[in-house]
Amino acid sequence: MSSYEVVIGLEIHVQLNTKSKIFCACKADSWGDPPNTNICPVCTGQPGILPVPNQAVIEKAVLLAAALNADIQPVSFFDRKNYFYPDLPKGYQISQYDLAIAKGGFMDLPLEDGSTRRVQIEKLHIEEDAGKTIHKPGRRLLDFNRCGVPLVEMVTAPDLRSADEAANFIRQFRQLLRWIGVSEASMEKGQMRFDANVSIREKGATILNPKTEIKNVNSVEHGRDAMKAEIKRQIKEVEAGNKIASWTLDWNEDTQTLSKMRSKETEADYRYFKEPDLLAVKLTEERIKELVESLPELPDVKKEKFHHDYGLPSYDLKILTSTIGISNLFESTGILYEGNKKDISNWIMNDILSLSNELSIPPELIISPENLARILYLVDNGKINNSTGSALIRKVYESKLNPDTIIENEGLAQLTDISDIQTICEQVIQGNPSQVEQYKSGKGGVIGWLIGQVMAKSGGKADPQLVRELLEKLLK
């Protein structure tokens with residue numbers, strides 16, 4: 001392995017999250033719907049029916065192109081990609097070929113050593129999805145619901161150098177899609193799929209050797225396993241003196257094996273020509289500018305901003321920029337809260353994300369920036385303690401009331417009268433002579449148990465630090 005370099009390029013297909021399909025008014029999202037229920041003469045290729053482009057598809061493709069630093073083309077065309085397969089009822093796919101919506105582009109991939117690898121984009125184009133073939137024993141079932149669902153296909157240059165790099169690139173690309181709101185990119189639902197083109201060469205070589213294509217992968221982990229298996233197979237073949245043939249391969253996750261589907265097609269096999277039923281896609285400079293300016297700040301920009309402005313550590317930055325919802329919750333709370341911004345990060349990572357995972361609800365829907373900032377302020381000013389603040393987050397979500405109303409209704413304000421807290425401490429000491437004796441004999445850890453008893457008697461409203469100070473004073 002040490003004498004070989006791995007070369008990987010990816011072809012990623014993304015379903016855009018428009019309400020309707022690319023050339024008809026049928027519902028685009030058919031997840032969970034019965035087979036062949038979201039179809040019409042257009043998406044099933046009936047004779048004499050004309051396609052009509054969906055403007056939202058064009059605009060979402062432009063947004064993605066801008067996020068990938070691509071050159072958006074003011075004029076682009078649709079083409080016919082001809083091939084025959086049972087789930088492609090027209091006998092061709094409407095796609096884009098030589099004059100696509102965007103040219104070039106790149107995405108920077110962070111590497112484990114702290115450096116970055118710039119992955120160039122060779123192609124970014126719009127096309128329609130095909131249907132779905134379901135294989136059953138002795139028969140083949142066809143579901144045309146997916147026909148005509150809008151796709152963007154993004155093809156990278158062969159710039160990735162390991163299966164792990166390729167997997168990380170796909171995760172980062174998926175995060176970008178969700179961040180800018182053009183796709184949910186659920187691989188489980190088929191909203192994002194990829195093909196991996198894999199080859200090897202001697203280290204130091206610059207040529208590109210024949211590649212194989214691992215087709216239609218719908219899981220990052222499965223794809224990584226498949227690429228690793230294919231890399232090992234190619235090395236074994238080369239070392240045995242054999243040549244690598246350009247095959248299209250299928251990965252069986254259950255058996256962890258690759259199988260040959262067919263010889264890999266070339267562009268000539270598809271006999272591309274301009275789609276005669278569709279006019280050119282034309283975008284004015286003003287419209288392109290409007291769309292580009294509507295892009296939110298991207299994850300890398302947010303990371304740099306949060307690090308520069310607030311000095312947050314790298315772990316916090318990774319979590320706070322994992323989704324745009326978390327990022328917005330943090331940033332909006334930071335505008336309202338004048339204290340240490342690391343405190344906001346801690347509450348989001350520890351309390352809000354925990355509740356989010358428990359309830360399977362996005363963190364930004366758990367609590368508003370206004371209510372989170374108010375809870376932080378109440379803790380800072382001794383109105384409530386940390387434990388009550390944590391409980392308040394759930395109460396705010398469940399009741400839809402603001403923190404102050406809940407505190408007043410449930411009497412959750414922190415005890416601040418020293419004499420009241422001291423009375424409770426004295427009661428706990430008198431009621432637990434055994435633990436008091438252990439503490440006096442040198443077992444200092446028992447103080448934590450006694451603090452817990454005081455907190456329980458106070459309904460969690462006492463200041464834990466004050467309780468500790470009073471207990472230590474009384475026990476002396």
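**Spaces and helix contacts in a predicted model**

The largest cavity holds about 40 Å³ of space. The model is predicted, and it has one cavity of 30 Å³ or more. The second largest pocket holds about 1000 Å³ of space. Two helix contacts are also described here: α9 with α10, and α10 with α11.

**The largest cavity**

- The residues that line the largest cavity are Cys43, Leu88, Pro89, Lys90, Tyr92, Glu128, Asp129, Ala130, Cys147 and Gly148.
- Six residues of this cavity lining are nonpolar, one is polar and three are charged.

**The second largest pocket**

- A total of 29 residues line the second largest pocket.
- Nearest the centre of this pocket lie Arg171, Gln172, Gln175, Pro299 and Lys303.
- At least two lining residues come from each of β7 (106-110), α2 (163-180), α5 (299-310) and α6 (314-320).
- Helix α2 gives the largest share of the lining of this pocket, with eight residues.
- By class, the lining of the second largest pocket has 13 nonpolar, eight polar and eight charged residues.

**Helix α9 against helix α10**

- Helix α9 covers residues 369-380 and helix α10 covers residues 386-399; their axes come within 10 Å and cross at roughly 160 degrees.
- Angles over 145 degrees count as roughly antiparallel, so α9 is roughly antiparallel to α10.
- The crossing of these two helices, α9 and α10, is right-handed.
- On the α9 side, the contact involves Asn371, Ile375 and Val379.
- On the α10 side, Asn386, Gly389, Leu392, Ile393 and Val396 take part.
- The residues of the contact of α9 with α10 comprise five nonpolar and three polar ones, with no charged residue.

**Helix α10 against helix α11**

- Helix α11 covers residues 403-410, and its axis and that of α10 come within 10 Å and cross at roughly 100 degrees.
- Angles of 65 to 115 degrees count as roughly perpendicular, so α10 and α11 are roughly perpendicular to each other.
- Helix α10 makes this contact through Leu392, Lys395, Val396 and Ser399.
- Helix α11 makes it through Pro403, Ile406, Ile407 and Glu410.
- In the contact of α10 with α11, five residues are nonpolar, one is polar and two are charged.

Notes
Residues are numbered from 1 along each chain as its sequence is written. This is a predicted model: local features need pLDDT of at least 70, side-chain atom pairs count only at pLDDT 80 or more; totals for chains, interfaces and linings use all residues. Side-chain values use heavy atoms; hydrogens and water are left out. Axes are lines fitted to C-alpha atoms, for helices over the stretch in contact, and angles run from 0 to 180 degrees between N-to-C directions. Helices (H or I, at least four residues) and strands (E, at least two) are DSSP runs, numbered from the N terminus. Angles under 35 degrees count as roughly parallel, over 145 as roughly antiparallel, 65 to 115 as roughly perpendicular and the rest as oblique. A crossing is left-handed if the near helix is turned anticlockwise from the far one by less than a right angle, and right-handed if clockwise. Contact means heavy atoms within 4.5 Å. Ala, Val, Leu, Ile, Met, Phe, Trp, Tyr, Cys and Pro count as nonpolar, Asp, Glu, Lys and Arg as charged, and the others, Gly among them, as polar. On a 1 Å grid over the protein atoms alone, a cavity is a set of points where a 1.4 Å probe fits but cannot get out, and a pocket is an open set with protein on both sides within 12 Å along at least five of seven lines; lining residues have an atom within 4 Å of a point. Grid points are joined across faces, edges and corners, and a volume is the space filled by probe spheres set on the points.
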